[in-house]
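Visitor: Could you walk me through this one? I'd like to begin with the charges.

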Amino acid sequence: MLTITPAAPADRDAALAIYAGARAFMAAHGNPTQWAGGYPPPEQVDADIREGRLYLAREDGAVQAVFYFAPGPDPTYAHIEEGRWPDEEPYWVVHRIASAGLRRGVAVECLAWCCEKAGGRVRIDTHKDNLPMQRTLARAGFVYCGVIYTRDGSPRLAYQHAE
């Protein structure tokens, strides 16, 4: 059973290691550009920890996953193309979710935890080439809503949990 808690400064290296593994996994599975260039950078991880928005999922003491979870609104979700959001605010967002790859289903469990905490109103996005994440989102009960753009102008497939 997963235990999910806010990350502490001492968890920084574990989070960065999971993100490095996720970048390698994505590159090996047809998605080399989504987190290219070392994303998320250590400064982002540090900021997420300071703000209390980075979470770790542990099982039997081992870190299984890391993710950002915060209340909206998120400015990148203000404009959506080729679709629409099923609901307006309030909602929560999940960003930068990554599994350590130690066992299957961890991301789905993390997303279920987020949905429970947010009353089911959770949004997330992913790269068009991130097919494993798209399958994970479908398994976790998220529905495709349209296309949003990140701060750097990159398009992302946008999803919201179907309550």
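Guide: In this predicted model, the mean positions of the 17 positive and 20 negative charges of the protein chain are 3 Å apart. Lys and Arg count as positive and Asp and Glu as negative, while His and the chain ends are not counted; each charge is placed at NZ of Lys, CZ of Arg, CG of Asp or CD of Glu.

Visitor: And how many of the 163 residues count as buried, in percent?

Guide: Buried residues, meaning those under 20% relative accessible area with a 1.4 Å probe and protein chains only, make up 47% of the 163.

Visitor: New topic: how many helices and strands are there?

Guide: The protein chain has four helices and seven strands, which are DSSP runs (H or I, at least four residues, for helices; E, at least two, for strands) numbered from the N terminus. Along the sequence they follow the pattern β-α-α-β-β-β-α-β-α-β-β.

Visitor: How do β6 and β7 run, parallel or antiparallel?

Guide: Strands β6 (residues 142-149) and β7 (residues 155-161) run antiparallel and are joined by seven bridges, where pairing requires that DSSP finds at least two bridges between two strands. Val147 stands opposite Leu157 in β7.

Visitor: What lies between those strands?

Guide: Their hairpin has five residues between the strands, and Gly153 takes a positive phi near 90° there.

Visitor: Anything to know about the numbering and the model?

Guide: Residues are numbered from 1 along each chain as its sequence is written. Local features need pLDDT of at least 70, side-chain atom pairs count only at pLDDT 80 or more, and totals for chains, interfaces and linings use all residues, while side-chain values use heavy atoms, leaving out hydrogens and water.

How values were computed:
Buried means under 20% relative accessible area, exposed over 50%, partly exposed in between (1.4 Å probe, protein chains only).
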